[in-house]
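Dear colleague,

My notes on one part of it follow directly after.

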Amino acid sequence: MSGTVGAGARILVSACLMGHAVRYDGRAKPLRHPALERWQAEGRLVTICPEMSAGMPVPRAPAEIAGGASGADVLAGRARVFEATGGDITDGFRQAAENALALARATGCTHALLIDGSPSCGSRRIYDGAFSGRQQDGEGVAAALLRRNGIRVFADHEIDALAAEIDNG
Ligand code: SF4
């Protein structure tokens, strides 16, 4: 999935944030914000669901990074991603992150706005890996790879800071 891009900073955006029903539970998590509507009208947004891009179905089993680890640990081979049903889906999550980075590079995205809490898109908080419902500080696999490669990643609740940076910068 990708949008047309125009002049100005281009922003990679989580598809579920743009209203696409691509989450593990078959739902979207749309964000309504004037800056997002304006960027969309300006053709600056590039939309992707990293997990769907790696072939994961909708709906799908919820997944978490095991052992309280973070996305950087998965990229380094120190941690794995498991479905709640027990399946090891680490390779899919690594591919999802690679797809997000490839699209960001191909479309010239300098920034990303991603849904927090996800084992792919989370950039400030993720679940603790025990399917306990508890979150902890950390980032998902895609967010970690984007950051490592110089993309400025913001969580959905940081959209005002993103707007301040790209509209004034
Ligand atoms: Fe949304 Fe990202 Fe999860 Fe896809 S991988 S459903 S875009 S949070």
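In this predicted model, the buried residues of helix 4 are T90, G92, F93, A96, A97, N99, A100, L101, L103, A104 and T107. Helix 4 comprises 18 residues and spans 26 Å from its first C-alpha to its last, close to the 26 Å expected at 1.5 Å a residue.

T107, which lies in helix 4, has a relative accessibility of 14% and therefore counts as buried, the cut-off being under 20%. Leaving aside residues up to four places away in sequence, T107 touches R10 and V46. Helix 4 is followed by G108, which has a positive phi, near 75°.

The packing of helix 4 against helix 5 may also interest you. Two packed helices are described by the angle between their axes and the distance between those axes. Here, the axes of helix 4 (residues 90-107) and helix 5 (residues 141-148) come within 8 Å and cross at roughly 40°. Helix 4 is therefore oblique to helix 5. The crossing of the two helices is right-handed.

On the helix 4 side, the contact involves F93, R94, A97, E98, A100, L101 and A104, which meet V141, A142, L145 and L146 of helix 5. By class, this contact has nine nonpolar residues, two charged residues and no polar ones.

With kind regards

Key. Residues numbered from 1 in each chain as written. Predicted model: local features only at pLDDT ≥ 70, side-chain atom pairs only at ≥ 80, totals over all residues. Heavy atoms only, no water. Axes fitted to C-alpha atoms, helices over the stretch in contact; angles between N-to-C directions. Helix = DSSP H or I, 4+ residues; strand = E, 2+ residues; numbered from the N terminus. Parallel < 35°, antiparallel > 145°, perpendicular 65-115°, else oblique. Left-handed = near helix turned anticlockwise from the far one by under 90°. Contact = heavy atoms within 4.5 Å. Nonpolar A, V, L, I, M, F, W, Y, C, P; charged D, E, K, R; others polar. Expected span 1.5 Å × (residues − 1). Buried < 20%, exposed > 50% of the residue type's maximum accessible area, 1.4 Å probe, protein only.
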